[in-house]
Amino acid sequence: MDKKAMKLQLERIREAAAKRGVDFAEVRCAAVTHSALMLQDGRADRVGSGRRTGMGVRVLSNGARGFASTESLGESDWLASLDDALD
């Protein structure tokens, strides 16, 4: 997902939080790239790499705090995380 699409999706989540009447909402996105090298008997046995992306949402509503997260970039999953944080 490019920066422009991410910004639009973040704005839609913020608007959804406002419609649900939250006092405060914070959404954070993270993307982590990792690599691994496995050694066996002092020699490289396996090499791997990957990328994990996700978001977390923190809310304050009616004096209660909530948090939920997902590794999905889908907007419906982000909205579900918002709802989970509010439960």
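1. Strand 2 (residues 43-61) pairs with strand 3 in the antiparallel sense, over seven bridges. Helices (H or I, at least four residues) and strands (E, at least two) are DSSP runs numbered from the N terminus, and two strands pair if DSSP finds at least two bridges between them. The model is a predicted one: local features need pLDDT of at least 70, side-chain atom pairs count only at pLDDT 80 or more, and totals for chains, interfaces and linings use all residues. Residues are numbered from 1 along each chain as its sequence is written, and side-chain values use heavy atoms, with hydrogens and water left out.

2. Two bridge partners in strand 3 can be checked directly: Ala64 for Ser61, and Phe67 for Arg58. The hairpin of strand 2 and strand 3 has two residues between the strands, and Asn62 takes a positive phi near 55° there.

3. Strand 1 and strand 2 also pair in the antiparallel sense, over 17 bridges. These strands form a hairpin with two residues between them, and Asp41 in the turn has a positive phi of about 55°. Further along the pairing, Cys29 stands opposite Met55 in strand 2.

4. The three strands make an open sheet of order 1-2-3 with antiparallel pairing. Strand 1 and strand 3 (64-70) stand at the edges; each has a single partner strand, so one side of each is left without a neighbour in the sheet. Neighbouring strands of this sheet are turned by 20° against each other on average, direction ignored; the axes are lines fitted to C-alpha atoms, for helices over the stretch in contact, with angles running from 0 to 180 degrees between N-to-C directions.

5. Met6 is found in helix 1 (residues 3-19). Met6 counts as buried because its relative accessibility is 16% (buried is under 20% relative accessible area, exposed over 50%, partly exposed in between; 1.4 Å probe, protein chains only). Beyond its neighbours within four places in sequence, Met6 is in contact with Met1, Cys29, Leu73 and Trp78, contact meaning heavy atoms within 4.5 Å. From C-alpha to C-alpha, Met6 and Cys29 are 9.0 Å apart in space, with a separation of 23 residues in sequence.

6. Leu37, in strand 1 (residues 24-40), counts as exposed because its relative accessibility is 53%. Leu37, Leu39 and Val47 make a nonpolar surface patch of about 350 Å². Patch residues have over 30% relative accessible area and no salt bridge, with like charges joined within 9 Å and nonpolar side chains (Val, Leu, Ile, Met, Phe, Trp, Tyr) within 5 Å. A salt bridge is a side-chain nitrogen of Lys or Arg within 4 Å of a carboxyl oxygen of Asp or Glu. Accessible areas come from the Shrake-Rupley method with a 1.4 Å probe, and for residues only the protein chains shown count as cover.
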